[in-house]
Amino acid sequence: MTLKELRCYNHIKSEIALREVELNELILKSKDTNGTGSKSNMTSDIVADIVQERERIRKKIDKLTSRKKAIEQYIDNCDSYIGGMLKMHYIKGKTWTAIAMIKGGKNTSDSVKKTCHRYVYKNP
């Protein structure tokens, strides 16, 4: 795992949500506009295009979901001290300053950040 991959976590979550909205819109589009539930008034080419597009979106969602799970798994496998800080920052979105305050002691935002970055560099 790299810092770049960890930083992408929230973007991945947003992208999954966006793709799910897109998929739901296609599902609604594939239904008959007059509400009968049949696709008889749609040409087979349009239906085939919609089905193909839905499948493409589902594959994209699956790929993004696996990336998201890989990041979560990496953080879960870290030791509890580092893993807690990584989770707070990359998954929950807390600042390094907030994490330093939560951890207490003589921790500063820079020391917490450097500790996490060193861990990630040594344990990819």
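Buried means under 20% relative accessible area, exposed over 50%, and partly exposed in between, with a 1.4 Å probe and protein chains only. By that cut-off Glu15 counts as buried, at 15% relative accessibility.

This is a predicted model, where local features need pLDDT of at least 70, side-chain atom pairs count only at pLDDT 80 or more, and totals for chains, interfaces and linings use all residues. Residues are numbered from 1 along each chain as its sequence is written, and side-chain values use heavy atoms, leaving out hydrogens and water.

**Overall fold**

The protein has six helices and zero strands. Helices (H or I, at least four residues) and strands (E, at least two) are DSSP runs, numbered from the N terminus. Of the 124 residues, 31% are buried. The accessible surface comes to about 8200 Å², by the Shrake-Rupley method with a 1.4 Å probe. Carbon and sulfur atoms hold 52% of that surface. Contact means heavy atoms within 4.5 Å. Among contacts with a separation of 6 or more, 64% join residues 24 or more positions apart.

**Helix 2**

Glu15 sits in helix 2 (residues 9-30). Its side chain makes a polar contact with the side chain of Arg19. A polar contact is a pair of N or O atoms within 3.5 Å; within protein, one must be able to donate a hydrogen and the other to accept it, and residues adjacent in sequence count only if both atoms are side-chain atoms. Ile16 is also placed in helix 2. Ile16 counts as buried, at 9% relative accessibility. Leaving aside neighbours within four places in sequence, Ile16 is in contact with Leu64, Thr65 and Lys68.

| Pair | Quantity | Distance |
|---|---|---|
| Glu15, Arg19 | side chain to side chain | 2.7 Å |
| Ile16, Lys63 | C-alpha to C-alpha | 9.4 Å |
| Asp79, Tyr81 | side-chain oxygen to backbone nitrogen | 3.1 Å |

**Helix 4 and helix 6**

Helix 4 (residues 80-91) packs on helix 6 (residues 109-122) at about 105 degrees, with axes 10 Å apart. The two are therefore roughly perpendicular, a class that spans 65 to 115 degrees. Helix 4 contributes Ile82, Met85, Leu86 and Tyr90 to the contact, while helix 6 contributes Val112, Thr115, Cys116, His117, Tyr119 and Val120. By class, the contact has eight nonpolar, two polar and no charged residues.

Buried residues of helix 4 include Ile82, Met85, Leu86 and Tyr90. Asp79 caps the N-terminal end of helix 4. Gly93 follows helix 4, with a positive phi near 80 degrees.

Notes. Axes fitted to C-alpha atoms, helices over the stretch in contact; angles between N-to-C directions. Parallel < 35°, antiparallel > 145°, perpendicular 65-115°, else oblique. Nonpolar A, V, L, I, M, F, W, Y, C, P; charged D, E, K, R; others polar.
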